Amino acid sequence: MTDLMPAALVPEDAEARRAVAPVICYPNRSLPKPDLGWMHDIRQRAIKTDEVLVPPRDARCFEVPAGHFFRITSVEGPQVGDLNLWNLSDLSERFYSGKTRALHGTHLTTGERMWSSFPHLRPMATITADTLDWYGIDGFGGSVHDVIGTRCDPYTGNLLSDTQYHHCCHSNLTRALADHLDIPLDQAEPAVHDVLNVFMCTGFTRDTGQYFMKASPVRPGDYLEFFAEIDLLGNLSACPGGDCSSEHSSDTAACYPLLVEVFAPAEGEVAGWDSPPPNGYDRSHGR
Ligand SMILES: [Zn+2]
């Protein structure tokens with residue numbers, strides 16, 4: 001409210017209306033629960049099958065078969081990563097950060113899932129380990145691994161500062177996808193989507209509700225690990241913001257690589273397990 005607003009426009013029961021208690025939009029008690037105990041058990045005997053080192057201010061794709069694990073590790077220095085996921089055989093099924101946020105909250109940690117777009121709306125990956133889960137929610141309302149930011153991109157930079165910067169996560173993800181699939185940039189770009197901000201520490205200011213970032217608490221050796229629920233194509237950008245303590249969308253910040261490792265379960269250990277089926281809504285939309 002500003003001083004310019006006439007007092008007469010504020011209803012008498014304004015405080016009473018503000019005092020109404022919030023209701024959780026999507027109580028998630030009925031969400032299917034991942035079997036973390038089983039995942040942790042088979043992980044102990046899983047064997048590393050692949051690794052990709054994502055260079056600073058760039059991105060790389062990686063593939064993870066259903067039932068395998070992948071781990072994103074901070075190496076060399078504090079660094080934030082922007083993660084995209086697709087169904088390996090159908091790029092129209094992609095990570096849906098908005099619905100994931102609605103279901104789990106603004107930041108993800110162990111036991112929570114990355115959900116896919118409509119009409120599929122099923123778990124793509126389950127977080128099985130997070131060495132930053134001790135961080136919780138700080139005094140500013142900040143936390144790590146958010147699904148509230150989108151990805152840094154050259155269009156917003158151009159809108160706000162009239163720049164032409166080419167190593168934002170959006171461009172990094174676009175180039176990496178084009179290279180991996182051997183398709184032109186303009187075909188790859190529309191497939192790039194809002195991300196899971198791995199290791200990034202963010203929140204909304206309490207007074208103005210603005211999106212903020214602060215230096216990530218990640219240190220070399222910290223990791224976030226996932227169980228692939230379906231065959232995945234992943235794409236990870238090492239953000240030009242580095243630890244995102246000051247600015248992004250430029251070459252100013254110190255940036256470091258990020259390591260992606262893939263682990264296969266031991267022979268036969270996922271034999272009785274199946275990927276979750278696509279969502280059960282009949283898609284008739286009332287017709
Ligand atoms: Zn970025």
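Which residue forms a salt bridge with Lys48, the closest N and O atoms being 2.4 Å apart? The partner is Glu51.

The model is predicted, so local features need pLDDT of at least 70 and side-chain atom pairs count only at pLDDT 80 or more, while totals for chains, interfaces and linings use all residues. Residues are numbered from 1 along each chain as its sequence is written, and side-chain values use heavy atoms, with hydrogens and water left out.

**Salt bridges**

A salt bridge here is a side-chain nitrogen of Lys or Arg within 4 Å of a carboxyl oxygen of Asp or Glu. By this rule the count is 15. Three of them are listed below.

| Pair | Closest N to O distance |
|---|---|
| Lys48 and Glu51 | 2.4 Å |
| Glu261 and Lys48 | 2.8 Å |

Glu261 forms a salt bridge with Lys48. Glu261 lies in strand S13 and Lys48 in strand S1 (residues 47-54), so this pair ties together parts 213 residues apart in sequence. Strands (E, at least two residues) and helices (H or I, at least four) are DSSP runs, numbered from the N terminus.

Buried means under 20% relative accessible area, exposed over 50%, and partly exposed in between (1.4 Å probe, protein chains only). Glu261 is buried at 12%, whereas Lys48 is partly exposed at 36%.

**Zinc site**

Cys152 (SG), Cys169 (SG) and Cys239 (SG) coordinate the zinc ion at 2.2 to 2.3 Å. Donors are N, O and S atoms within 2.8 Å of the metal (3.2 Å for Na, K and Ca); water is not among the atoms, so sites may look incomplete. Both Cys152 and Cys239 are buried.
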